[in-house]
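Reader: I am new to this structure. Please show it to me, and then let me ask how you know what you say about it.

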Amino acid sequence: MHDCESIAQFLERAGAAERAAPPEPIRAHLEQCPHCRELWRFMADAEPAALTPQAEERITQTLLGSLQAVRPLPSRTMIALAFMAVFLAVSALTVALVGWSSAQAMTTLQLLGMLAAILVSAGLTGFWLSGEMAPGEKRWTGPGGLCAGSLAALGTLILVLFPWEAPPGWLAISIKCFRAGFVLSLPAVAPLVWLLRRGFPLSWGAVGAGAGLLAGMVGFLMLHMECRFYSAPHIVLGHLTAPLAAAGVGYALGKVIEAYQRSRAAEA
Amino acid sequence: MQKYQQADPVATAELVRTLSPMLLRFLAGPIQTRAHAEDMLQECWLRVHKARHTYRPGSPVLPWIFAIARYTRVDAYRRRSSIDRRELPSEDLETAAPGAAEPEPSTGLDLWRLVGELPDSQQEVVKLLKVSGMSLEEVARATGGTVGSVKQKAHRAYRKLREMLEQRGFPGGGGAR
């Protein structure tokens, strides 16, 4: 025999067809319990609201007035690959410009371990961003979760791979590295925005945070290849804060865009 | 939807005719006028029109379109809140002007009032599950959340609705209509 709690659980899982014709054990409970019956009836009845013919006509004519064929957005994987290509191209240019002297002095594990983690983080961020470009795409986490997850994973790896020591002057060097990392993230912004413009992001704040994180990864990668100060506190504070700050700035800029769009819509 | 992307006027009109009633029910709230809900619906269709290239052929239409509707609703709510903060209360004016506050579509159902008392996120999930007939996963896609969070919100909403029905002695035999 079903109780009220299991009716609510069944209602969660039930599709429209099951709600319209509940199975026998459920029906037995519904016959006995007026409150569950009321709730079930409410959920089973789709009862769409009637639209006035004038309103329907007005909407149709508005759409037909500017109806042109459009090219659908490429698949999510293709867009993610495009984001990755931008990341790799800008990173390669930046590293070529600044140098990779640190790469020769690091151990293979430090060099390749961090490189692999950066590439995986950038790939995941690109895939996440590709989902934000179209409404109704599957989303496994929000922008906060994405940034926290990526940066926590990178931070943990830094603590494992690099010595935990803080030589004198590390704080000043960290600030210098942070500045350099942040500034060298900026060249990635233009191609990322160019890609994002093709989509229809519903939350520019989220997209800004994701794009900022990806751009910040360029700066982080450059610092990894060039900075010779191998100390975990320095790398966390001076290198890892570059993508964090870039994500924060991206989020703030996205929110400004949202506010601007809202004010324009209100004026219209 | 694909024909709409290819600029077929008949398919466009058909899409508006088929989906508008569902969208209107989702967009309408217990305190809005019909005119306001229809304005929101028009705004929603304009956004759908702008975003039509982002629909990927073969993927479900409802999560895509309801995700846009959801943001339209949130934006309208924010705009409304900011107007309400600036303006003086206008209840007196509304009662003085006949027809100004025409009720929203089919508010005859008292359960809609109870749904209106739920927290916003739970209201949204109940409306999407009820109005669109989407699955939990599709609702998760439309709301940008996970299936788990949608399930949790739906569960809490149903429990709360049942409690409210019990507390208020709601008639069992179709008193909601």
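Reader: What average pLDDT does chain B have, and what share of the residues score at least 70?

Author: This is a predicted model. Chain B averages a pLDDT of 77, and 75% of the residues score at least 70.

Reader: Where in chain B does the pLDDT stay under 50?

Author: Residues 90-109 of chain B are one such stretch. The model has 30 contacts for them beyond four places in sequence. Residues 172-177 of chain B are also below 50. That stretch has 19 contacts in the model beyond near neighbours in sequence.

Reader: Why is B:Arg162 called buried?

Author: Buried means under 20% relative accessible area. B:Arg162 has 8% relative accessibility, so B:Arg162 counts as buried.

Reader: Where does B:Arg162 lie, and what is B:Arg162 in contact with?

Author: B:Arg162 lies in helix H9 of chain B, residues 147-167. Leaving aside neighbours within four places in sequence, B:Arg162 is in contact with A:Cys4, A:Glu5, A:Ala8, A:His35, A:Cys36 and A:Leu39.

Reader: Why is helix H8 of chain B described as largely enclosed by the rest of the structure?

Author: Helix H8 of chain B spans residues 136-143, and six of its eight residues are buried, so the helix is largely enclosed. The buried ones are B:Leu136, B:Val139, B:Ala140, B:Arg141, B:Ala142 and B:Thr143.

Reader: What comes just after H8(B)?

Author: B:Gly144 does, with a positive phi of about 70 degrees.

Reader: How many cavities of 30 Å³ or more does a search of the whole structure find?

Author: The search finds four. The largest cavity has a volume of about 210 Å³. Of the 22 residues lining the largest cavity, A:Glu132, A:Ala134, A:Gly136, A:Arg139 and B:Gly144 are the closest to its centre.

Reader: Which elements give two or more residues to that lining?

Author: Helix H8 (108-132) of chain A does, together with helix H4 (61-86) and H8 of chain B. By class, the lining of the largest cavity has ten nonpolar, five polar and seven charged residues.

Reader: What lines the second largest cavity?

Author: The second largest cavity has a volume of about 80 Å³. Its lining has 13 residues, and A:Phe162, A:Leu223, A:His224, A:Ile235 and A:His239 lie nearest the centre. H12(A) gives the largest share of this lining, three residues.

Reader: How many residues of the lining of the second largest cavity are nonpolar, polar and charged?

Author: Ten are nonpolar, three are polar, and none is charged.

How values were computed:
Residues numbered from 1 in each chain as written. Chains lettered and ligands numbered in written order. Predicted model: local features only at pLDDT ≥ 70, side-chain atom pairs only at ≥ 80, totals over all residues. Heavy atoms only, no water. Buried < 20%, exposed > 50% of the residue type's maximum accessible area, 1.4 Å probe, protein only. Helix = DSSP H or I, 4+ residues; strand = E, 2+ residues; numbered from the N terminus. pLDDT = per-residue confidence, 0-100. Contact = heavy atoms within 4.5 Å. 1 Å grid on protein atoms, 1.4 Å probe; cavity = no way out; pocket = protein on both sides within 12 Å on 5 of 7 lines; lining within 4 Å. Points joined across faces, edges and corners; volume = space filled by probe spheres on them. Nonpolar A, V, L, I, M, F, W, Y, C, P; charged D, E, K, R; others polar.
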